[in-house]
Amino acid sequence: MRNALLPLAMLIACADDPPTAPPAPPAAPEAPEAPEASPTSDTTALASRANAVFKPLPTWMGDKASADMVALGRQLYYEKRLSKNHDISCNSCHQLDAFGQDGEPTSPGHKGQRGGRNSPTSLNAALHIAQFWDGRAEDVEAQAKGPILNPIEMAIADEATAVAIIASIPGYAPMFTAAYGDDQVTYDRMADAIGAFERGLVTPSPVDAFLKGDASALDAEQIAGMETYMDVGCTTCHNGVGVGGAGYFKLGMVQPYETKDAGRFDVTGLESDRFVFKAPSLRNITQTGPYLHDGSITDLSEVVRIMGKHQLGRELDGAQVGGIVAFLGALEGKLDAEYAKEPATLASGPATPKPDPS
Ligand code: HEC
Ligand code: HEC
């Protein structure tokens, strides 16, 4: 009984007391509801309006995976020997201690080569309807197969080579056995495990707390900004649990926007998909610049203005932009540091290839 009550008491203490307050006395089972920050009826109405277009983040995205699959995926996510010169891992471009990206307009891969697109964050990415700016990979598992073999990213020659590298590192065998029942290394299993790890990269934010009923989770400016965001129509494209990541739209929907990248046209070949991109998730957006598919814009306020003009046909004024940016700041959340922590590198075996800078 005592044990059952203790976590509840701690929860209540966390929610209502400043961090320095002494621990709250154990709560009685029928303790009255924790006092609310007395939301105005306006805030309550806004919360239900917001709940109609957004959704709180789950603690896990998609199908459950075993802890052993996650552990294997974590090891592979940080595995630099999956790159030709042993200098690049998934974490190089999607740094888990830097909001799942690298802060670069485009990312240096093998021999410092750069592609034409900005690295999106890997955080909360498993929520998206598909992966990449143009949605060309179905899910995080399918996506994980791409960068290892991409000549300007990790530059491994082929799937068999990637499998042989992992199989040559003795410490992986017990991890594959724990995750999949036997120690056979396959490219599918590698991608599957990396995907499993990514499905736990969630960052619950103040907006999630607000959606769940904590009216005090957002300050007045963020609340006003949320209202503006919904009023002007950003929710047409950036909505749902990811606050984006749920659909494809033309960049330059109302007013043409100049870009050389044909976007989803290159995936489907449909003329109607020219300059169409996945509307990105706006979770942690204040931390994941530079922005747009080409990383061409560094200032978030400018992106918001561009969106107003080119996607909505509106000139947003300074107060509207400021409010929206404040709201976007409330979408910033924390990754569980323990979950994301880099594991110790496993020792190479005699057959493990040496780094190849060529
Ligand atoms: C050299 C940098 C680089 C490396 C290494 C890299 N990525 Fe990426 N990643 C990118 C870029 C650039 C894109 C966007 C490409 C595009 O859309 O065409 C991307 C896209 C993604 C996405 C899609 C996110 C979204 O919002 O659509 C995920 C997930 C992802 N990478 C995970 C990984 C994983 C897992 C690895 C390791 C197996 C990895 N990346 C290795 C640069 C990198
Ligand atoms: C008609 C659909 C649509 C509307 C409306 C829209 N957006 Fe977007 N938004 C997109 C698409 C598509 C992209 C990706 C563009 C690209 O880089 O190619 C994007 C990109 C962004 C980005 C950059 C994301 C990143 O990771 O670089 C931000 C920030 C953003 N939108 C915010 C907003 C805000 C704020 C509003 C309302 C003022 C808004 N958007 C309205 C479709 C839309």
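The model is predicted, so local features need pLDDT of at least 70 and side-chain atom pairs count only at pLDDT 80 or more, while totals for chains, interfaces and linings use all residues. Residues are numbered from 1 along each chain as its sequence is written, and chains are lettered from A and ligands numbered from 1 in the order in which they are written.

**Around ligand 1**
- The shell holds 25 residues, and C90, C93, G109, F132 and P147 come nearest; a residue is near if its C-beta atom, placed from the backbone, lies within 6 Å of the molecule.
- Helix 4 (90-93), helix 5 (140-143) and helix 6 (145-149) each put at least two residues into this shell, with helix 4 giving the most at three. Helices here are DSSP runs (H or I, at least four residues), numbered from the N terminus.
- Sorted by class, you get 13 nonpolar, ten polar and two charged residues. Ala, Val, Leu, Ile, Met, Phe, Trp, Tyr, Cys and Pro count as nonpolar, Asp, Glu, Lys and Arg as charged, and the others, Gly among them, as polar.

**Around ligand 2**
- Ligand 2 also has 25 residues around it, the closest being C234, C237, Y291, L292 and M307.
- Helix 13 (residues 300-312) makes the largest contribution to this shell, six residues.

**Nonpolar cores**
- The largest core has 38 residues, and M69, L72, L76, L82, A193 and I194 have the most contacts inside it. A core is a set of buried Ala, Val, Leu, Ile, Met, Phe, Trp, Tyr and Cys residues joined through C-beta atoms within 7 Å; buried means 20 or more other C-beta atoms within 10 Å of a residue's own, with C-beta atoms placed from the backbone.
- Leaving out residues up to four places away in sequence, L82 touches L76, S89, I148, M154, I156, A162 and I165 (contact: C-beta atoms, placed from the backbone, within 7 Å).
- There's a second, separate core of 29 residues, including A50, M226, L300 and V304.

**Helix 8**
- Y172, M175, F176 and A179 are buried in helix 8. They sit on the same side of the helix because they cover an arc of only 100 degrees around the axis, taken from the directions from the helix axis to the C-beta atoms.
- Helix 3, helix 7 and helix 9 are among what covers the buried residues of helix 8.
- Just after helix 8, G181 takes a positive phi of about 95 degrees.

Definitions and conventions: Buried ≥ 20, exposed ≤ 12 C-beta atoms within 10 Å, placed from the backbone. Contact = placed C-beta atoms within 7 Å.
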